[in-house]
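Trainee: Could we go through this structure by question and answer, starting with its strands?

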Amino acid sequence: MSSVLQPATTDDDDTTPAEKYRPVSSHLAIAPPVSVVIPAMNEAENLPYVFKTLPDWIHEVVLVDGNSTDDTVEVARALWPDVKVVEQRGKGKGDALITGFEACTGDIIVMVDADGSADGQEIVSYVSALVSGADFAKGSRFANGGGTDDMTFIRKLGNRALCAVVNRKFGARYTDLCYGYNAFWRHCLDKIDLDCTGFEVETLMNIRVVKAGLKVQEIPSHEYLRIHGVSNLRAVRDGLRVLRVILEERSNRRALRSRTHAPTLASDGSAGSAASVAPVVPAVPVVPVRRKAS
């Protein structure tokens, strides 16, 4: 899929319908529709902060309700009248995200947590990376320009160790591993085939985009403290689940390599070779596009 930044159109420009583009600012517009997926369970108090930062040019908001017992759904509809509410049938963050992804209609999908820790204004950086050529825009709290107010020393240490393992075993160059603020082209879902239910879904996505040879671009992101409530994340329990995913994906990768590296004769009698994995590329700044002169 190829999409580029487009100049905002004026009323007297009849070459491109104005409604085709979504204005990001007075000097920038985008063509691909953007869907934002927000998994939420009992986040009624935090949703006002989440929706307040979402840009008004996004195509749709998909709220996946994990059987909330508070007013999460009612608050979401009051804040964003066109919100698409999807009821989660299973349990876990991974299950919620998969459910939300299936309900999206946009070409670009952005995943945002419902605890108020993410700044929706950063979405423009993610979208800019995608329309500039990346397949997967991966948020990073430890890339230059990123940061976190929420991670304890133990969690930072664990994240760094697990990130190092993934980089070494899968040929990635990630600076962050377990972060839930990401964006990607919808077609990527066909290549990563998500099949886990818990917090480890983020790690699974990061591994499988590399295994699929997709072009990844890290986006510096700042993680703020959860505003209300207590997170369901448990450092030791979920860290072990992440490690299990890494080991399972490594095992699957070895099995695949043993098959793909077996000598195969091409039409000319020469042996074929396996494709290489695309590396992670550094982030690039958002470049505004000037409005056409009227």
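**Strand pairing and burial**

Mentor: Strand β7 and strand β9 (residues 182-185) run antiparallel and are joined by 3 bridges. Strands are DSSP E runs of at least two residues, numbered from the N terminus, and two strands pair if DSSP finds at least two bridges between them. This is a predicted model, in which local features need pLDDT of at least 70, side-chain atom pairs count only at pLDDT 80 or more, and totals for chains, interfaces and linings use all residues. Residues are numbered from 1 along each chain as its sequence is written, and side-chain values use heavy atoms, leaving out hydrogens and water.

Trainee: In β9, which residue is the bridge partner of K138?

Mentor: The bridges between β7 and β9 number 3. In β9, K138 has as its bridge partner N182.

Trainee: How many bridges join β7 to strand β10?

Mentor: β10 covers residues 216-220 and runs parallel to β7. The number of bridges joining β7 to β10 is 5.

Trainee: How many residues of β7 are buried?

Mentor: Buried means under 20% relative accessible area (1.4 Å probe, protein chains only). F136, K138 and S140 on one side are buried, as are A137 and G139 on the other. Strand β7 is therefore largely enclosed by the rest of the structure, its buried residues being 5 of the 5.

Note on methods:
Buried < 20%, exposed > 50% of the residue type's maximum accessible area, 1.4 Å probe, protein only. Helix = DSSP H or I, 4+ residues; strand = E, 2+ residues; numbered from the N terminus.
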